[in-house]
Amino acid sequence: MSQEQFAVRVQRQNDPSQAPYWHTFLLDYEPGLNVTSLLQRIAANPTTIDGAHVAPVAYESGCLEEVCGSCTMRINGRVRQACSALVDHLLKEDPSGIELRPMSQFPVVRDLFVDRYRLFRALEKLQCWVPVDSYDDMGSGPKQSAKQQEQNYPLSQCMSCGCCLDACPQYKEVTIERHKDESEEAFEERRDAELDRHFIGAAAMSQAVLMNSNPIGKVLATSRIEAMTAPGGIQNCGKAGNCQAVCPKEIPLMTSWGRANRSATIHYVKKFFDG
Ligand code: SF4
Ligand code: SF4
Ligand code: FES
């Protein structure tokens, strides 16, 4: 390997039922590359260091500016976005090359492409949206104070990337397969019911906190709190803080955990006294 070239080791997997394996590719150095552009160069010429012509590496990408979260993977052991991981920085940290692996707590679809459906299901379970009862022009909504905006704006930057879930000791991969002869509809119903029993994780919890503090979104606050405290809910969090440490948007997730727990306590004390 010359100084003008560097190695990219990629953990691959042909489909969810098969074992992972490794391929190493040798790429020409160019300044200013990011990891997504490396994967594009590999796709243009998927030839390994041993000269074998192989299938291009599967991966996801969308916005290319760290907004959609789809390109999340483990890069040199750290979960992050491929589009914002700069090759110059990575090679400075480790001149021996770059290692790419899929996220560890989501089922692998193929290579670096994982199925993050569980994350989106948790957002659905906690009703992480502002409900509307009309699409007519109703004028401007209720105002939020500057203090409320300051507290809530950071939470609105979540891109559902799943880094916080990948780093969480309480969040373990759940794989649910469709039974032979099971209809698509029956499978989806069973899958969602099963996923709902597992830990929701920091991302959905923090979005529920955000929606509960929205002047219109809070109309669903009671049912969100009940969903947050159902099996797989906020009580499963061990408060170690790995989630906040890895969040690429630096969202104050531990503050969100505090807010979620406080609102749950108030809700159940009130419920107790209200009979
Ligand atoms: S604080 Fe809770 S959600 Fe965050 S990493 Fe720890 S257990 Fe997971
Ligand atoms: S909270 Fe942070 S790490 Fe978790 S999904 Fe949102 S942006 Fe990603
Ligand atoms: S492609 Fe959207 S975050 Fe990387």
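A residue is counted as near a ligand if one of its heavy atoms lies within 4 Å of it. The model examined here is predicted. On that basis, ligand 1 is surrounded by Cys-168, Pro-169, Gln-170, Cys-237, Gly-238, Lys-239, Ala-240, Gly-241, Asn-242, Cys-243, Met-254 and Trp-257. Two helices, α9 (242-246) and α10 (253-274), each supply at least two residues of this shell. By class, the shell around ligand 1 comprises 7 nonpolar, 4 polar and 1 charged residues.

Ligand 2 has its own shell. Cys-158, Met-159, Ser-160, Cys-161, Gly-162, Cys-163 and Cys-164 are among the residues around ligand 2. Ala-203, Cys-247, Pro-248, Ile-251 and Leu-253 also belong to the shell of ligand 2. Here 10 residues are nonpolar and 2 are polar. No charged residue occurs in the shell around ligand 2.

Together with Val-269 and Phe-273, Phe-272 makes a nonpolar surface patch of about 380 Å². The relative accessible area of Phe-272 is 63%. Phe-272 therefore counts as exposed, the cut-off being over 50%.

Salt bridges were examined next. The structure holds 14 of them. In one, the side chains of Arg-41 and Glu-30 meet at 2.9 Å, N to O. Arg-41 lies in helix α1 (residues 35-44), whereas Glu-30 sits in the loop between β2 (21-28) and α1, so the pair ties together parts that are 11 residues apart in sequence. Arg-41 is partly exposed, at 32% relative accessibility. Glu-30 is also partly exposed, with a relative accessible area of 32%.

Lys-271 and Glu-226 meet through their side chains at 2.9 Å, N to O. This pair links distant parts of the chain: Lys-271 belongs to helix α10 and Glu-226 to helix α8 (residues 221-228), 45 residues apart. Lys-271 is partly exposed at 40% relative accessibility. Glu-226, at 29%, is partly exposed as well. Elsewhere, salt bridges that share partners join Arg-121, Glu-124, Arg-191, Asp-192 and Asp-196 into one network.

The side chains of Arg-110 and Asp-111 also form a salt bridge, at 3.9 Å, N to O. Arg-110 is partly exposed, at 29% relative accessibility. Asp-111 has 0% relative accessibility and is therefore buried, the cut-off being under 20%.

Burial was then considered in helix α3 (residues 117-125). Arg-118, Leu-119, Arg-121, Ala-122, Leu-123 and Lys-125 are buried in this helix. One of these, Arg-121, is also a member of the salt-bridge network. An α-helix has 3.6 residues a turn, so residues three or four places apart point the same way. Gln-127 follows α3 and has a positive phi, near 50°.

Note on methods. Residues numbered from 1 in each chain as written. Chains lettered and ligands numbered in written order. Predicted model: local features only at pLDDT ≥ 70, side-chain atom pairs only at ≥ 80, totals over all residues. Heavy atoms only, no water. Helix = DSSP H or I, 4+ residues; strand = E, 2+ residues; numbered from the N terminus. Nonpolar A, V, L, I, M, F, W, Y, C, P; charged D, E, K, R; others polar. Patch = residues over 30% accessible without salt bridge, like charges linked within 9 Å, V, L, I, M, F, W, Y side chains within 5 Å. Areas by Shrake-Rupley, 256 points an atom, 1.4 Å probe, with all protein chains shown as cover. Salt bridge = Lys/Arg side-chain N within 4 Å of Asp/Glu carboxyl O. Buried < 20%, exposed > 50% of the residue type's maximum accessible area, 1.4 Å probe, protein only.
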